[in-house]
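Welcome! Here is a short briefing to read alongside the sequence and the 3D view. Take a look at the structure first, and then follow the topics below.

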Amino acid sequence: KKLQTTDLHDFLRSLSKDVVDRLYEHPAVCIAVFRELPVLDKHYVMRTLFTDQAVAEQLMSGWCKASCRAEHQAALHRLEKLRIWQSQHLAVGQRGFVTNPLFQKSLRTAICGGGLAWFSSKQAGGDKHPRDIPFLEKYARDRWETILHYLVGSGSASDISPSTVRLLQQAGLMTIGQEGMGPQPAITSCGFQFLLMETSAQAWYLLLHYFKVLEKQGKDIVELFTFLLSLNFATLGKDYSTDALSKSQLEFLQDLREYGLVYQRKHKSKRYYPTRLAISFASGYSDTSGALSSEGFLVVETNYRVFAYTDSPLYVGIVALFCEMQYRLPQMSVGILTRASAHEAFKSGINADQILQFLRMHAHPEQRKSSPIIPPTISDQIRLWQVERNRLHFKEGVLYSQFSTAEDFQVLKNYAADLGVLMWANSSKRFIVVTNTGHKDVRSFWRSRKQD
């Protein structure tokens with residue numbers, strides 16, 4: 001199963017028109033949406049931003065060359081689906097577009113200035129416990145890695161809240177009591193793909209599911225989603241007051257605190273610091289400038305040994321998902337790829353391509369000098385181990401045997417074949433296997449024949 005990622009625009013298109021219009025009342029949302037638009041779409045928005053009347057579609061067709069007609073139509077379609085533009089009938093057979101007045105007003109405010117402050121400026125003096133950027137970087141990394149530790153099975157359930165555990169399950173990243181894995185939490189195929197994503201993309205993916213859960217519960221997400229996007233425009237290293245936050249925003253702040261998006265010294269502290277993770281993730285595809293990333297550290301040898309030159313328990317835990325760990329030293333861990341360890345990973349839904357992608361992504365600089373990066377012996381063997389699991393397909397059926405004559409065997413075999421329920425037959429041993437769904441009809445036929 002492939003992990004389905006969603007960007008900001010996809011998320012907005014999934015919301016109702018009323019919710020989108022309410023979100024567009026806030027400049028932070030509008031500037032975030034505008035920033036993620038393709039260049040042509042941005043150009044069209046700016047051409048109509050200060051126009052209060054509808055523009056004819058026929059007139060818009062002159063805004064691009066004839067060779068770019070497909071891109072032009074795609075831009076019109078995107079802007080209409082995002083409710084940035086609204087369609088209007090101008091005359092018989094003519095259509096035009098007018099900018100959504102809510103989006104128009106908010107984007108004008110965001111670009112030209114004015115309006116209410118996005119953050120409360122009320123402060124009760126200087127912070128007695130100020131936090132600098134290096135501290136916030138480390139805090140964000142530690143908090144996020146705590147969640148990833150639990151995901152890979154190297155962390156304790158006491159390290160994260162029950163609500164976060166439920167969110168990981170609802171997002172399809174882990175499961176409890178998976179077949180063959182016992183009652184313990186186990187990472188899924190989507191969860192392993194999640195580990196291969198950039199940290200900012202991981203945060204965006206998890207937070208989108210957070211809002212989807214709130215929507216299913218019938219809760220209003222506008223206030224919280226607006227606050228989240230506002231954090232994207234905060235200043236790293238600056239503290240902000242909680243005085244202007246509502247009760248629901250304060251509760252949301254505690255969840256963001258657990259995820260590492262904001263730092264708050266205590267639960268009831270009047271200040272909070274947005275971290276780089278909150279400031280850089282917006283669309284889910286922006287980089288964190290290396291703050292939460294790691295250089296290559298894996299060396300894979302042709303004897304199936306995997307050397308992990310890292311002291312990160314998280315990365316060692318990820319390697320342990322598909323390797324048998326043999327040694328753990330202060331700066332290096334050694335594992336070995338075996339058939340048993342690979343099959344344990346496959347049981348969790350992790351496939352061979354995902355394992356190889358992880359090995360390539362985190363290959364040591366010396367390993368990257370080789371071509372291909374992963375020895376063919378290793379990549380081929382991992383794929384063969386996966387194919388082993390696909391050689392047999394189990395299907396339930398009903399066995400018929402102990403036929404008195406070859407004629408009885410042949411008659412019942414032909415009847416099952418005519419019904420399309422014959423799964424297997426052996427003429428020498430007079431065995432017939434039919435499907436569960438066809439068993440009732442075949443049994444009735446056989447009983448009636450014996451009575452005759």
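A salt bridge here is a side-chain nitrogen of Lys or Arg within 4 Å of a carboxyl oxygen of Asp or Glu. Please keep in mind that this is a predicted model.

**Salt bridges**

- How many salt bridges does the structure hold? There are 17 salt bridges in the structure.
- Side chains of opposite charge can pair when their charged atoms come close.
- Aspartate 353 and arginine 383 form one of these salt bridges, with their closest N and O atoms 3.5 Å apart. Because aspartate 353 lies in helix α17 (residues 352–361) and arginine 383 in helix α19 (residues 376–388), the pair ties together parts that are 30 residues apart in sequence.
- Aspartate 353 is partly exposed at 47% relative accessibility, and arginine 383 is partly exposed at 34%.
- Salt bridges that share partners also link Glu57, Glu80 and Arg95 into one network.
- Another salt bridge joins the side chains of arginine 83 and aspartate 21, at 3.0 Å from N to O. Arginine 83 sits in the loop between α6 (69–81) and β2, while aspartate 21 belongs to helix α2 (residues 17–23), so this pair ties together parts that are 62 residues apart in sequence.
- Are the two partners of that pair buried or exposed? Arginine 83 counts as buried, with 18% relative accessibility, and aspartate 21 is buried too, with a relative accessible area of 16%.
- Arginine 35 forms a salt bridge with glutamate 36, and the closest N and O atoms are 3.9 Å apart. Arginine 35 counts as partly exposed at 34% relative accessibility, and glutamate 36 counts as partly exposed at 30%.

- Strands of a sheet pair through backbone hydrogen bonds, either parallel or antiparallel.
- Strand β2 (residues 85–91) pairs with strand β3 (residues 94–99) in the antiparallel sense, over six bridges.
- If you look for the bridge partner of tryptophan 85, you will find threonine 99 in β3.
- Two residues lie between the strands of this hairpin, and glycine 93 takes a positive phi near 80° there.

**The open sheet of β6, β8 and β7**

- Three strands form an open sheet in the order β6-β8-β7, with antiparallel pairing.
- Which strands are at the edges? The edge strands are β6 (240–241) and β7 (262–263), each of which pairs on one side only.
- β6 is joined by two bridges to strand β8 (residues 271–274), and the two run antiparallel.
- Serine 241 stands opposite arginine 271 in β8.

**The strands around β15**

- Strand β13 (residues 397–400) is joined to strand β15 (residues 431–435) by four bridges, and these strands run antiparallel. Tyrosine 400 stands opposite isoleucine 432 in β15.
- Strand β14 (residues 422–426) also pairs with β15 in the antiparallel sense, over four bridges. Here tryptophan 424 stands opposite valine 433 in β15.
- The hairpin of β14 and β15 has four residues between the strands, and arginine 430 takes a positive phi near 55° in this hairpin.

**Surface patches**

- Which residues form a positive surface patch? Lys440, Arg443, Arg447 and Lys450 form one.
- Arginine 447 is found in helix α21 (residues 436–451). Arginine 447 counts as exposed because its relative accessible area is 52%, and the cut-off for exposed is over 50%.
- Met46, Phe50 and Ile111 make a nonpolar surface patch of about 280 Å². Phenylalanine 50 is found in the loop between α4 (39–48) and β1 (55–56).

**A loop residue to look up**

- Where does threonine 338 lie? Threonine 338 lies in the loop between β12 (333–336) and α16 (339–347).
- Threonine 338 counts as buried, at 17% relative accessibility.
- Threonine 338 and glutamate 324 are 14 residues apart along the chain, and their C-alpha atoms are separated by 7.2 Å.

Key: Residues are numbered from 1 along each chain as its sequence is written. This is a predicted model: local features need pLDDT of at least 70, side-chain atom pairs count only at pLDDT 80 or more; totals for chains, interfaces and linings use all residues. Side-chain values use heavy atoms; hydrogens and water are left out. Patches are made of residues with over 30% relative accessible area and no salt bridge: like charges are joined within 9 Å, nonpolar side chains (Val, Leu, Ile, Met, Phe, Trp, Tyr) within 5 Å. Accessible areas come from the Shrake-Rupley method with a 1.4 Å probe; for residues, only the protein chains shown count as cover. Lys and Arg count as positive and Asp and Glu as negative; His and the chain ends are not counted. The place of a charge is taken as NZ of Lys, CZ of Arg, CG of Asp or CD of Glu. Buried means under 20% relative accessible area, exposed over 50%, partly exposed in between (1.4 Å probe, protein chains only). Two strands pair if DSSP finds at least two bridges between them.
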